Amino acid sequence: MTQTWMRPAAWTAVLAALALPIVLDLNSYYLHVLNLAWIFAIAALGLQVATGVTGQIVLGQAALVGFGAYATALFMMRLSLPWYLALPAAMLLTAAVGVLLGAVSTRIKGHYLAIVTLALNEIFRMVALNEEWLTGGPMGMRDIPTLSIPALGDNIDRQLYFPLLALCFAAYAVTVLFHRARTGRHMRAVRDDEIAAEAMGVDSRRVKTIAFVVCSAWAALAGGLYVLLVGFAAPANFTVFESIKMMLMVVLGGLGSIAGTFLGAVVITVLPEALRGLQTYY
């Protein structure tokens with residue numbers, strides 16, 4: 001009875017705390033940092049599914065985020081699609097990349113898979129850097145149409161704070177449901193002992209492919225939301241260093257912990273900005 005009462009109370013407290021930045025009229029810069037935290041949390045959720053739940057080491061998540069960001073931007077700027085069509089299209093396209101990664105993961109494992117995904121990140125960066133006709137090269141893609149909701153505030157960071165937070169919670173809810181479903185149990189079985197899981201009838205190839213598809217789709221969603229927030233995408237935004245930051249979010253939050261991913265995303269995104277004044281220790 002006590003737990004039944006405490007759970008809604010805890011969620012109410014969390015939601016009230018998350019609304020404080022708007023209620024207290026927080027500076028736009030800090031709102032921007034928090035918006036980035038919600039976006040990174042979505043990307044980290046996908047990485048949590050692949051690495052924390054399924055046990056596939058992925059060190060190229062930033063490449064998938066970048067793929068989704070560039071795809072969203074190109075769909076809007078080259079094909080004149082509205083954002084609500086461009087973003088799902090980018091997610092589908094990036095999910096197809098996840099299928100390819102899933103096929104690769106059935107051939108190589110462990111550290112070798114980590115090296116391949118690391119190489120994928122560098123390949124993506126080089127393509128984005130050199131194919132100026134498509135990506136804008138080192139200068140990136142500028143003047144990407146951003147998402148504006150004037151009724152929610154006087155600047156884009158204030159306008160998108162609650163929508164991004166809502167999408168983040170929606171991604172969390174879907175991931176939790178997925179984690180508790182049969183496929184989620186199969187993923188954990190593959191992570192713990194792949195041979196034993198296959199002996200019990202689990203199709204490890206299918207499970208790994210699904211994990212990479214989810215990982216890629218959430219990365220693309222994060223990438224699309226990123227360009228809709230900042231209106232800009234460049235190779236420097238999607239480097240190996242960014243992939244390592246996302247892996248740190250997952251590790252800090254706890255491998256296999258869906259809720260912990262949010263803590264990791266907030267800490268890794270907000271803490272460096274809070275320490276920026278202490279340049280010696282940054």
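The following legends describe close-up views of a predicted model. Local features require pLDDT of at least 70 and side-chain atom pairs count only at pLDDT 80 or more, whereas totals for chains, interfaces and linings use all residues. Residues are numbered from 1 along each chain as its sequence is written, and side-chain values use heavy atoms, with hydrogens and water left out.

**View 1. Cysteines C168 and C215.** A search of the whole structure finds 0 disulfides, a disulfide being a pair of cysteine sulfur atoms within 2.5 Å. The closest cysteine sulfur to that of C168 belongs to C215 and lies 15 Å away, which is too far for a bond. C168 is buried, with a relative accessible area of 1%, and C215 is likewise buried, at 0%. Here, buried means under 20% relative accessible area, exposed over 50%, and partly exposed in between (1.4 Å probe, protein chains only).

**View 2. The buried side of helix α8.** Helices (H or I, at least four residues) and strands (E, at least two) are DSSP runs, numbered from the N terminus. In α8 (residues 182–192), the buried residues are T183, G184, H186, M187 and V190. These residues lie on the same side of α8 because they cover an arc of only 160° around the axis; the arc is that of the directions from the helix axis to the C-beta atoms. R182 and D192 are exposed on the other side of α8. The cover over the buried residues of α8 includes α2 (28–53), α7 (156–180), α9 (194–199) and α10 (204–230), where contact means heavy atoms within 4.5 Å.

**View 3. Packing of α2 against α12.** Helix α12 comprises residues 258–274, and α2 packs with α12 at an angle of about 140°, their axes being 8 Å apart. The pair is therefore oblique. Axes are lines fitted to C-alpha atoms, for helices over the stretch in contact, and angles run from 0 to 180 degrees between N-to-C directions. Angles under 35 degrees count as roughly parallel, over 145 as roughly antiparallel, 65 to 115 as roughly perpendicular and the rest as oblique. The crossing of α2 and α12 is right-handed; a crossing is left-handed if the near helix is turned anticlockwise from the far one by less than a right angle, and right-handed if clockwise. Residues of α2 in the contact include Y29, V33, W38, F40 and Q48, and those of α12 include I258, F262, V266 and E273.

**View 4. Packing of α11 against α12.** Helix α11 (residues 240–253) meets α12 at an angle of about 130°, with axes 7 Å apart. This arrangement is oblique, and the crossing of α11 and α12 is right-handed. From α11, K245, L248, M249, L252 and G253 meet G260, T261, G264, A265, V267, I268 and T269 of α12.

**View 5. Surroundings of E242.** E242 is located in helix α11 and is buried, at 13% relative accessibility. Apart from neighbours within four places in sequence, E242 contacts F40, A62 and N237.

View 6. Y112, in helix α5 (residues 110–130), is exposed, with a relative accessible area of 62%. The C-alpha atoms of Y112 and I57 are 9.0 Å apart, although the two residues are 55 residues apart along the chain. S148 occupies the loop between α6 (132–135) and α7 and is partly exposed, at 47% relative accessibility. Between the C-alpha atoms of S148 and L160, 12 residues apart along the chain, the separation is 7.6 Å.
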